[in-house]
Amino acid sequence: MPQTNRSKVSRWDQHGRLHTVHVRRSGVQRTLSCDTCGWHRGAQFLPWLKAEEHLAEAHQATVDPTAA
Ligand SMILES: [Zn+2]
């Protein structure tokens with residue numbers, strides 16, 4: 001069963017650190033917040049994609065721990 005309602009996005013960086021962006025529902029919006037740096041923003045569409053972008057750009061964290 002695919003996880004269509006993930007509440008967070010986690011990625012490893014090349015130093016083996018795990019970075020997590022939490023996704024919270026807030027009406028029609030989703031609010032993203034990063035554990036590592038405190039970054040947050042709202043996203044109405046594709047919040048997980050924006051979370052992945054932040055993890056890649058801010059933390060160079062691109063390795064999906066849930067990938068096979
Ligand atoms: Zn961050």
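1. A nonpolar core is a set of buried Ala, Val, Leu, Ile, Met, Phe, Trp, Tyr and Cys residues joined through C-beta atoms within 7 Å. Buried means that 20 or more other C-beta atoms lie within 10 Å of a residue's own, exposed means 12 or fewer, and partly exposed is in between, with C-beta atoms placed from the backbone. The largest such core here has six residues: Val-9, Val-21, Leu-32, Ala-51, Leu-55 and Ala-61.

2. The model is predicted: local features need pLDDT of at least 70, side-chain atom pairs count only at pLDDT 80 or more, and totals for chains, interfaces and linings use all residues. Numbering starts from 1 along each chain as its sequence is written.

3. Pairing requires at least two DSSP bridges between two strands. Strand β3 (residues 29-34) pairs with β4 over four bridges, and Leu-32 stands opposite Arg-41 in β4.

4. Leaving out residues up to four places away in sequence, Ala-51 touches Val-9, Val-21, Val-23 and Leu-32; contact means C-beta atoms, placed from the backbone, within 7 Å.

5. Arg-17 sits in the loop between β1 and β2. Why is Arg-17 exposed? Arg-17 is exposed because it has 12 other C-beta atoms within 10 Å. The C-alpha atoms of Arg-17 and Thr-36 are separated by 9.9 Å, and the two residues are 19 residues apart along the chain.

Methods
Two residues are in contact if their C-beta atoms, placed from the backbone, lie within 7 Å. Helices (H or I, at least four residues) and strands (E, at least two) are DSSP runs, numbered from the N terminus.
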